[in-house]
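Please look through the structure below with the following notes at hand.

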Amino acid sequence: PPPCPHAASVPPPQDIRNTVGNIPMEWYEDFPHIGYDLDGRKIYKPIRNKDELDKFLEKMENPDYWRTVQDKMTGADIKLTDEQVELVQRLQKGQFGDVHFDPYEPAVDFFTHEVMIHPVTNRPADKRSFIPSLIEKEKVSKLVHAIKMGWIKPRKPKEDTPTYYDLWAHEDPNSILGRHKMHVPAPKMKLPGHEESYNPPPEYLLSEEEKLAWEQQEPAERKLNFVPQQYRCLRAVPAYPHFIQERFERCLDLYLCPRQRKMRVNVDPEDLIPKLPKPRDLQPFPTTQALVYRGHTSLVRCLSISPSGQWLASGSDDCTVRFWEVCTARCMKTLPVGGVVKSIAWNPNPTVCLVAVCVEQSVLLVNPCLGDKLLYGATDQVLESYTPPEEERVQPVQWLTATVEEHSKGIRLTHLPPRSPQALKQVTWHGKGDYFATVVSDNSSMQVLIHQTSKRWSQNPFRKSKGLVQCVLFHPIRPYFFVATQRYVRVYNLLKQELTKKLMANCKWVSSMAIHPGGDNVICGSYDSKLAWFDLDLSTRPYQLLRHHKKALRSVAFHKHYPLFASGSDDGTVIVCHGMVYNDLLQNPLLVPVKVLKGHALTLDLGVLDVLFHPTQPWVFSSGADGTVRLYT
Amino acid sequence: PRRRLCILKGIYPHEPRHKKKVNKGSTAPRTFYLLKDIKFLLHEPIVNKFREYKIFVRKLRKAYGKSEWGTAERLKDNKPSYKLDHIVKERYPTFVDALRDLDDALSMCFLFSTFPRTGKCHVQTIQLCRRLAVEFLNYVVASRSLRKVFLSIKGIYYQAEVLGQPVTWITPYAFAHDHPTDVDYRVMATFTEFYTTLLGFVNFRLYHSLNLHYPPKIDGQAEVELKPAEGKEYAMDSESYLEKLSALSASLVRVVAPAQEDEVEMDEFPVEGETAEQMDARRKEQEALEKHKKLFEGLRFFLNREVPREPLAFIIRCFGGQVSWDKSLCIGATYDVSDPSITHQIVDRPRVEQQVVGRYYLQPQWVFDSVNAKLCLPVADYFPGVLLPPHLSPFVTEQEGDYIPPEKLKLLAMQQGEDPGEESEEDEEEEEEDDDNDNEEEEEEEESEKEEEMKLKKMEEQKTQNNKALPVKVTAGKVKLEDKKRLEQEQQNEEKRLAIMMMKKKEKYLYKKIMFGKKRKIREVNKLAAKRKAHDDAIREEKKKNKKARRA
């Protein structure tokens, strides 16, 4: 133990030795004693009555003040001896505490680095240095086991084969793997055009609007994936910011895009156009507008021509029927009928001069008193010679003879269906001119009625309604009756009183129907702007479906002698087609559109309402929503 | 790993014929692979290698985690490796197949070789890419197979004809990339892995087809020249070698010394069914090609330091020119600026301070345009500081009805041997005007159909109007000069229209589609022509104004 500094300063050292141990002496601050001596007596603090002034005076006067320290254990002041001061100073300088310690003594090897003949120690070697180590053996056996099991592999020999060699030395062009037979090679990237140049011709640069449009487009929709730009010189060209993205997208395309061989249709569009006979070779057909019949103030809904082809009757929404002379476009007669005229039909019998007019619910039989006086006189006589039968038969309609006033106008007979509140839609004559049929737009079984003029007798041919009837037609030669409902055309045999055929029109809503004078072909116009040509001998489906109108078809017509048919539509055009029917049953009809006739102005979204052929000339009449009737020759 | 396998094996999805049926009734977009393809993947031996590698990575991670350095070292020594040789062979059974698919490989390698050597991908990959790319460039130089070059805003396109196959690749401009965040570099790295293998084998074969050493060796004599004069070590041997190669200024060592290989007369094998004319055309083509290959023969170029060295050196060397650059710019410079034999100096600065007499100072576009035009273009348009003529894409071959920029027309005329000579500006302008007129005429012809329709419509309208005018007036009749041609045309048009009406639905649809496409094309052409005309007019106006101002 180092010499205690207290021992030197205090004469009886054992008396004052404090026994509190190494504790913070602050604990005794508030007590009068400072600890206990060996006998357990209190050691009292030395009496201190020095104030600041005393301390100062002592500092000033006492020459040993700097070497006086207070012993915390006893509270006494101790004056350090010279040795102690020296020690403190040495320690402050970082020197060894012991004055006599020499840190720079010469080093003396106790072993020499040279190998000597004698061992350093004479201790005999351990036994364990003679026998193999168990732990090592264990470790080695573990490694050996691992190597045996293939867990650890000894270092592989470096391969000497060159990285690249002639891979295709023995190439066999036929050695294509099974999978590669249907392999589709990736398409190459598109090569850049002029617009990608750093200095493109000025026309390839985008204008302001184009640039704006480009920016607003979706990136996938853009035609170019960059904005063409012009730089003055190569030096000014910056890096393309999307270069890596583009490469990446190409990579994605290569491995994520489904590949498909798309057969590019490489056809000359001219080859697609069917080779048809030239319209010039199919003349005659109407080509130009010849006459306009003006007079009606509203839609002209229906047209009819006298069998001689001299007179034309037209019915209109302005509640009149007008009779025109065909060649001069002169209105011969105006007949106010007091209702919208939906349909009008001239008696096809050339010896009878009679026109059936549909006005609201009634049919008027009108003698226009035009042409040969003998002829219309005879007609009147025939009508007047009617004698009612003895017993009144029950009829679905009522036949009325015209009043005097009406008679003067030309109206000869009126008949009213008693119950039906619906207006009549159509009237059509049988070829012989005795029978006529009427259609009511009604869903009852009384839609279609057949009337006989000479006997003033009407009958209802159908027991049951088969849907809304659009129009009806008599077969020109045979006793057939055609009834067009919305989707089908039913053909009835009037003699056998049975359904013979049902034609599928393949359209949504049949609007009109016409029959070829030969009787074997029917055309149907529909509101979904289709025209269906039926060959009755061929099939119940249309032989051809023509879609040449842009809007709904309103009416269709056949020419009596020429192989022509026409269709009028809401788009204001009349399309005249050549429709040749051959007597040879093996040859299909030849349909060629030959002329588009325009002339009617569109009013109320309606164009042509009715078309009609002249009975002998290749002329076509059309009535339109603009209140005119036009003749094309 | 499936993705990686698909990329390496070149397996792509298929679009099923009935998408709903395959997708359990849903129409959500999904990718479908053929079952056969996936089964085919299972037989691939590389799958096992991938598994091994996965296990290796796991073991290594574990060893590192346990700080077992010895184990880690041992594992690293036994790192499993795999080769893609058999996949390359399988995907490209013949060499020509590989050449056909080289475009993407080259573009990718050139891109990767410009990547920084930090992050993104392994340094070895980048180095390998650079090496392969430089080797390929050297091959192209040696075989003189470069055909077209194009300075685009995206980068520089090159097209070479390698063994009869056109190979196109793009290199980015030499700038640092700002790496996009939405790109998966692992996918790109997988592609590159395959592409480097492919390109290595292709290079090997190509070098051997020219009797060149592979890996390439620089000619002994040239190598001596290339040695830095001061005897200082330039860089590590391997690195400096690659750099010397990439300098592209030295020719390569051949395995068999070339025994005066020039002017080997091509034996002509008359192909059956080929007329003399065709033969002649072929021979002419061959001659033109030979001439094109020797475009820059005998010319000595010097590249200024602001000019991109590598592309220009490559192009000039490809066409037989000699090229050098500043010594401090790159290794491999063969002569100095002051060399009096220099014929062309490529400069890309607004003006050159000290001009040496006896050489042309030209902008780099001259080299590119000359290569594309297959002749040395007149130099006047390319002097430094001059407004350059537009740089056209050589990849566009205009078909009938396409828009052809007037510059291209001029070029075509020049190629056909018409000497443009010293045309005054006026003449040029006139010529341009003529061109424009020609264009317009063409357009007119194209549009004539439409116009006629319009006229017909108008006539008919007039007719109807005339008919409507009820108060009849008799005016002196005019003798109508009936244009017979016109009438006939009209009639034909009408016939056509009527025939179109009779087309079947399907055919009509197709016809309309084709016609729509044609019309759109015409519209675009017209738009371009109109733009050009407006631009030319504006420039002419400005010129006139300037002239007036000068006069005043």
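Which residues of chain A does the UniProt annotation "repeat: WD" cover? According to the unreviewed entry, the annotation covers residues 293-334 and 546-576 of chain A; UniProt positions are given in the numbering used here, feature names are shortened, and annotations may be inferred rather than shown by experiment. This is a predicted model, in which local features need pLDDT of at least 70, side-chain atom pairs count only at pLDDT 80 or more, and totals for chains, interfaces and linings use all residues. Residues are numbered from 1 along each chain as its sequence is written, chains are lettered from A and ligands numbered from 1 in the order in which they are written, and side-chain values use heavy atoms, with hydrogens and water left out.

Over residues 546-576 of chain A, the chain is 55% strand and 0% helix, where helices (H or I, at least four residues) and strands (E, at least two) are DSSP runs, numbered from the N terminus. The end C-alpha atoms of this stretch are 12 Å apart.

Strand S27(A), residues 553-558, has five of its six residues buried, that is, under 20% relative accessible area with a 1.4 Å probe, protein chains only. S27(A) runs antiparallel to strand S28(A), residues 564-569, and five bridges join the two; strands pair if DSSP finds at least two bridges between them. The two strands form a hairpin with five residues between them, and Ser555(A) stands opposite Gly568(A) in S28(A).

In chain B, helix H10(B) spans residues 185-209, and 19 of its 25 residues are buried. Just after H10(B), Asn211(B) takes a positive phi of about 60°.

Conventions: Buried < 20%, exposed > 50% of the residue type's maximum accessible area, 1.4 Å probe, protein only. Expected span 1.5 Å × (residues − 1).
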